[in-house]
Amino acid sequence: MNAPTLPVAQAKYLLPASLREAADMAAQHPGSFRYVAGGTDVLVNRFQGNEDSTCLIDLGRIPALKGIARVDGHLRIGALETLDRLMKHPLVLADAPMLAEAARSVGAPLLRKTATIGGNVLCENRCLYYNQSEWWRESVGYCLKCNGDICIATGGRNACFSELVSDTAPALIALDAEIEYTEGEAVTRTPLERIYTGDGVAPRNIPPAAIVTALWLPLGRGFTWAFRKLRERQSLEFTSLTTAMTLDSGGRIKIAMAGVDPRPVVVEAAATDDPEALVRKAIKGARAIDNDMFTRLYRREMIGVYLRDSFNTVTAARM
Amino acid sequence: METIRLTVNDREYDLVVHPHETLAQVLRDRIQLTGTKLGCEQASCGACTVWVDGQVVQSCITPAMRVNGSRITTIEGIAPQGGGLHPLQEKFVEKGAIQCGYCTPGMIMTTLHYLEEHPNPTRDEIKEALSGNLCRCTGYKKIIDAVEAHVRNEPSAKQAGDEFKMVGHGRPYTEAGRKACGSAEYADDIKVKNALHCRFHRSTHAHARIKHVDIAAARALPGVRAVITGKELPVTFGVLPISEDETAMAVDKTRYIGEIVAAVAADTPAIAAQACALIQVEYEPLRAFFDMAESCEDVGTDEKIHSHGRFNNNIHKKAELRFGDQQEGLKRAVHTASAELEFQGINHGFTEPHAATAWWDENGLTIITATQVPHYLHRYLAKVLEVPMNRVRVVKPFVGGGFGGKSDPFPHEIIIAHLARKTGRPVSTRLNREEVFLTNHGRHPTRMSMHMGMDADGRFEVLDADVIIDGGAYGSFGVVTSYYNGVLLQAPYKIDNFGFRTRRVYTNKPQCGAMRGHGAVNSRFAVETLIDRLAEQAGMDPCDLRLRNFLDEYSMTVGQYRITSNGSTLALKSAMERSGWKDKHRKLPRGRGIGVGCGFFISGSALPIHWNEYPQSVVHLKVDLDGRVLVTSGASDIGQGSDTMLAMVVAEVLGLSLDNVQVVAADTLLTPIDLGSYSSRVTFMAGNAAKMAAERLREQVLDAVVRITGAERTELNLQRERVFTNDGKVDHSWHEAIEMATRKVGALNATGHYNSPKLGGDFKGAGAGLSPSYSFGSVIAEVEVNERTGHVRVLDLWGAHDAGKALNPLAVEGQLEGSWHMGLGQAMSEQMKYYEGLLVNANLVDYKIPTTMDTPEIHTEIIESMDPEGPFGAKECGEGALHPVIPAIANAIYDAIGVRITSLPMTPEVVLNAIKQQRKQHAEA
């Protein structure tokens, strides 16, 4: 068994009861802390040696991070709500059924009991050449994402293309959701797609000490939607391509995709636009590489298949 | 360190833990609740599932500190206090949902929690609820059945008098209750006091000379007790005496990425791991060989992977046999079909990672290890450690699945034995899932070309196969695999002009070996899909074509296999009838299809690996005044139920209930030699040995009753634990009879053995695939194909397998369903993917074992052909069933969309590429 190797003296596991306490703890451990929500991603990355913060700050006991409610014309979902609760919650099912479906597509039932919506949108990017043990990465010669010099998956490019593998992020983005986070006294609310940088090494731009507190979904937009996930098995899978498409009552189409780029690929259009142009745009925007059990070519091809299907679904539902 | 308080199963514990320890570690290592299993440590198998304050969690990723103050429930807390089982546990036992038992605790914890929230789920909902819990033994069918029965509150099927029903009556494994409660101990659950922990430093180079190993820093680390390198264990080993090409650690050079170069024994696993990271190895890289075709070529001035071998290439073994006249056969063939095929390597995927503990005392070495082959391990521990065999004792605890992946002696076993000797302390080790994949010994990646021809009447005239198999870095069972790829094509059909050539090559990758269905799975795929093509060409129904060509029972194959009982026809007709074949084949709407495959397999190899005259299996019985018959056998129960089988055979002969029979198995000190659980040999061989031993014991008991009561020998019955004559003049209990039989002589002993009859031809290679009996089976699959994505959904599997006589039908069904499920995995999703010799998907997320939701409804039928030499007519059922399922799925895909798939796994991508290829060809035409 891989017991923790960290010297006991440095290792900490902290359980703040409030956001302020959590922020204080973070401030006391600059550069060496990591927030943990459900931990389903962080703990596995730690097992592989990809995450080695000495101080783990568990946000699980902070009441302010929970709750699902309609607030100010939005559905507000606390960042620490589990995917399992979310996918069964009556308000989510009523206001954002696509999000429920996206949540249901994550991992497997056991995981969804622990994994949170906040954790899922912040889920670490993945790559077949990165999500490996320390020994493995040493053998392959360490890639950019673990302090190496080149991207192994592309055979030497100087950029990291680890994939965003969140299934809920594309659904949320297609639903025009905003993410809310706090840093000290400051509360920021911004469209979710803006937190993703597109750089696989540092895929998000939220300040390290900030805590994601909630997701806000606008209500009354009259979305019709389509959600698809490419995976080999029906369960127990990270995504190889997730597509989420909405059509709002104003005739605006929004597409968000995961699994084919370090960031969500977002395409916006009008319902009257040529679907093929839209597909071309989506494929062009996806920097998929061969770092997945499905090849790059296949995933790119599936973007087209999924989006054409989704286009028919969202427009048919409108009629 | 931090102090936490946990209430576990209603008992309070104050514990000092490392701040980053997981709940699983605390439960298993600190409070010895080892019913919580670790299959992957990455939340991708579900074996570690427990409840925290009534919520289900995977304890391998749950920080212990998070649950401070919580109430924890583990599998040990489920059964009612004061004994007995929880009703769900009872249903798992009764329905045969428990085979190896390693996934069982997680399955039960997940299910019970789910049922609290959803008391009346549908079958599909149960499947979804369990879709994060991997099982490799059952194909999930009996697990879902058990949950459904529990939900329906189905009354127990037990009836009065059941205790005496043995052969032919389904019976849960004798130890199933223990497995359901989490108290069955597997290798890593057995904590030996004062034990050191061993970890391994593994090579980062595929093929490289080892210039220098610097172990100074590792050795200097406090808590490290020994560091060893390959030079300390230079003696070679290998499961086959003809290819002892492996050492416990790399000595002068490393042959694959992941090979063990050095090992550390330390006070804790963490210190051992830290020490391993401090070991520095200086390598001089050599040209590495990853491609099997390349390994067939002359290496020029480069260094071969192994220096032995006459030629300047990396070919390990060539096998070639030809029977009849293939040229003549081709001439007579009116219809011919051929294909080039490619198969990825796959891994056994047993849920329990390898683990072992070893120590030395005045009796020499004792090693407790998860093994299918205690006897071969016994031999090679003695050889490599250079001690006589009487200084080595191998003990097999409960084993969490094997499927061939625990049927070799392994480096880690030899290394910890050596470290235990060197340190004078017990030494334990447990591999993580990545190491399990690196250890491998799985199915060989394979390339082959296959040709078949058939005459105008639909008789197979000729078969020719040319096969290359990628053995990886070492030999393992590979010589046998080489032959099996060819010789196991001479049945179940009569083909008089038959030949093959196989080359097994070394490459710089983890070694391949034996895996369920050994050697013939891929070539069976080729034949069965070619038959489908021939049937189409001839305008025949593929089932009818097969029925026309099956070998007769009591016949001889062209390569001189003696076929005795043969249920091929019954099996195929059963599958046809139940699937509605005639109404579906070539009649389903486009996108939906049905396909068939058949197969056969050996019931144990007639020839031993080590050439000697020792029987293939020996069973001893002892009975004393307590009346309980002790059965000792070297056979390894790895979850397939062989202990229960032995008990049932003995109980059947002696008219006993299982209260009077106890099996002690697979302990090389206590039990007579059995060659092990591989080649589907145990029921046939150990079953026969047990039957002989029981018959001999019966004679002793009845002789004594005759002597003392004066009863007529021929009048005596031994049934229901009584010895009686029909006229009632003599009527004694089993205990009274034993009291009589032991007077003046003491405890009774009886021994039974099994020797295979002399079989086979007198040509070189004639021994390969010889077996005293063969099993036969068929599978029909129905699928749905999405032509835009290539996704294939298998909707139903109808399987039938001739097991001779099902001694324990519940266990036989379990073997069949597990085989079909494993075949489904190879068919659809499983593969070992490499990047320059480095295994890319060594975890249970990227290595894709089908979940409950990927597994179709399985419709099982056992065919009984009553083998003349099997115990009570029984023969193999644990491997052969796998063969037909993969081609059945491929043929169903063809029926659905008219596209032939020639590579495995048939991932959506593979299927879509085949569709496009065909469209392109049609467009060109």
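How many residues of chain A are in contact with chain B, and how many of chain B with chain A? In this predicted model, 44 residues of chain A are in contact with 52 residues of chain B, two residues being in contact if their C-beta atoms, placed from the backbone, lie within 7 Å. Residues are numbered from 1 along each chain as its sequence is written, and chains are lettered from A and ligands numbered from 1 in the order in which they are written. Local features need pLDDT of at least 70 and side-chain atom pairs count only at pLDDT 80 or more, whereas totals for chains, interfaces and linings use all residues.

**Interface**
- On the side of chain A that touches chain B, the elements giving two or more residues are β1 (12-14), α2 (42-47), β3 (55-58), α6 (109-114), α8 (134-140) and α11 (296-318) of chain A, where helices (H or I, at least four residues) and strands (E, at least two) are DSSP runs numbered from the N terminus.
- That side has 27 nonpolar, 11 polar and 6 charged residues, with Ala, Val, Leu, Ile, Met, Phe, Trp, Tyr, Cys and Pro counted as nonpolar, Asp, Glu, Lys and Arg as charged, and the others, Gly among them, as polar.

**Domains of chain B**
- Chain B is divided into domain 1 (2-77), domain 2 (196-286 + 353-399 + 406-439), domain 3 (446-606 + 763-924) and domain 4 (617-754), with bounds from an automatic or database domain assignment.
- The C-alpha centres of domain 1 and domain 4 of chain B lie 44 Å apart.

- Not counting residues up to four places away in sequence, B:Ile893 touches residues including B:Gly593, B:Val783 and B:Met906.

**Backbone features**
- Another cis peptide bond, with omega of about -5 degrees, joins B:Leu904 and B:Pro905.
- B:Asp53, with a positive phi near 45 degrees, counts as exposed because it has 12 C-beta neighbours inside 10 Å; a residue is buried at 20 or more other C-beta atoms within 10 Å of its own, exposed at 12 or fewer, and partly exposed in between, with C-beta atoms placed from the backbone.
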